[in-house]
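Trainee: I have a new model open. Can you walk me through some of its helices and strands?

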Amino acid sequence: MTDVVKFPIVYVRGFAGDSSGINSAVVDPFYGFNEGSTHVRVGPDDQPSFYQFESPLLRLHTDEDYQILVEGDQEAYLDSHDDIPSNTLWVHRFYDVCASTWGGNPEEFRLEDAAADLLRLVEKLRVKTGAPRVNLVAHSMGGLICRCLLQKILPDLNRDPTDYVDKLFTYGTPHGGITFDVGFGLLEKIRDVTGINGADIFGPRRMYEYLTPESDLDPQGPPDSWSPRDMPESDGAFPRHRVFCLVGTAPKDYEVALGLSSAAVGARSDGLVQIENACVPGTHRAYVHRSHSGRYGLVNSEEGYQNLRRFLFGDRKVEAALVNHQLASEDGVSWQAEVQLSVRGLPIVMHEQLASHWCPVQLSAQQADGTSDGAVPLATTFLCGDLSRPPGSETMRYALHVRVLSLREHHGFLSFGDHLERTADFDDILVVDIGTADSGPGIWATWNSLIPGAISRHEPEGTPLDDQDPNTGVWVADIPLPATAVPILGDGSRIRLTVTPWA
């Protein structure tokens, strides 16, 4: 395993609102990324429990040996030091010039200006640290500032975004804008026309303006086919596989405006950003049962941090997909899968797509046609080979919980005649062990239903899985589903694990 390069990390915060919100935001020396939490949801009754999370800023400081260099003013520190280590953390303080608390004449916030100022900070870090690129970590609107940099500011200067940014991680960014479940579109129109408190930046016309290079901009506005969620794939565009979107699915925990925000945005959201709008197609993503912010927020969560750490510093990418499945094709029957990804030694679920969280995996009843295996992605995670393991364990262990459910309709309504609530047609857990220097290289996988006794006492046995495609540099293995799944998913159904190098 090669050492992971540690680029400078720049945090970019979210929307603060009007002038009073901006004045409150600039009081915090780290714009909120130093805020931790003490609440965590546990158990089937969803009751809160005490769990102390220090904050993503401090955890990277201790876990990955990153330094926080401020000494009164991070900008002054940058200007007065010529030799700065690359493993450093920085905050893009774009709101400072818009605050009235410093005296003088505060500027009006403009997203394009914040993105241009981010470029200035990135350029200074490249010179001072000698690092070729930086990693960007953004919450909410901060992700749109980063995308403006990558999709407009740098292309307008005829510069390649990959020369400046290595990876982008977003927490709850409204990549598709902010829309509401109520008002039949009227609330969005009022917001976009009035631009109240600058919130029109979450509407399609303004998003088109700051996400489109000047050479491609249509003065009449976005074409009908344009979507703010899309990142271009053309030559010179920032690659989507270098982007990770963390999606929240717990709207009820978002307490802003006494819960009115979550009520307006709807159940399929984190309380402010709808689930569908929180990710860019073609990027990596994880769904976690956290709200947009607050005591159960995305940024100040163990779930968010563990996904962030592995994406930035992992050395292998592992993808799990359901392949070669054949579901019964019946009128009025639709199929869904639920998945949860857990890591041994962590007190949280890294990724979960559940029907109760409004984000199950939709399955098609059509059989693979021979030219395609009908692969349905279930989860993607990143492995850090040097992360500590629980005492006495010789492998890194991951568990992929898979449930397949059928929904039956009669005359357009769900049929409950033979329905058993919360009961899946198939329900099992794939236990995957990744070898280390102690246990020897290799990957072992077995289903929990085949493990006798407690899973904590299970040790992988036999030869590891064979690489089905040894000549490509990508490790691939298909794991048959247990016999209980055959009547539902067919005897050819498999979970495909694909492991590729990641840096």
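Mentor: A term to begin with: buried means under 20% relative accessible area, exposed over 50%, and partly exposed in between, with a 1.4 Å probe and protein chains only. This is a predicted model, where local features need pLDDT of at least 70, side-chain atom pairs count only at pLDDT 80 or more, and totals for chains, interfaces and linings use all residues. Residues are numbered from 1 along each chain as its sequence is written, and side-chain values use heavy atoms, with hydrogens and water left out.

Trainee: How many residues of H9 are buried?

Mentor: 12 of the 12, so H9 is largely enclosed by the rest of the structure. Among them are Glu-302, Arg-309, Arg-310 and Phe-313. Helices (H or I, at least four residues) and strands (E, at least two) are DSSP runs, numbered from the N terminus.

Trainee: At what angle do H4 and H5 pack?

Mentor: Helix H4 (residues 111–129) and helix H5 (residues 141–156) pack at about 75°, with axes 8 Å apart. That makes H4 roughly perpendicular to H5, a label for angles of 65 to 115 degrees. Axes are lines fitted to C-alpha atoms, for helices over the stretch in contact, and angles run from 0 to 180 degrees between N-to-C directions.

Trainee: Which residues make the contact?

Mentor: Leu-111, Glu-112 and Leu-118 of H4 are among them, as are Met-141, Cys-148 and Ile-153 of H5. Contact means heavy atoms within 4.5 Å.

Trainee: Now strands. Which way do S17 and S18 run?

Mentor: Strand S17 (residues 426–435) and S18 run antiparallel, joined by five bridges. Leu-430 has Trp-447 in S18 as its bridge partner.

Trainee: How many residues of S18 are buried?

Mentor: Four of the five, so strand S18 (residues 443–447) is largely enclosed by the rest of the structure.

Terms used
Parallel < 35°, antiparallel > 145°, perpendicular 65-115°, else oblique. Pairing = 2+ DSSP bridges.
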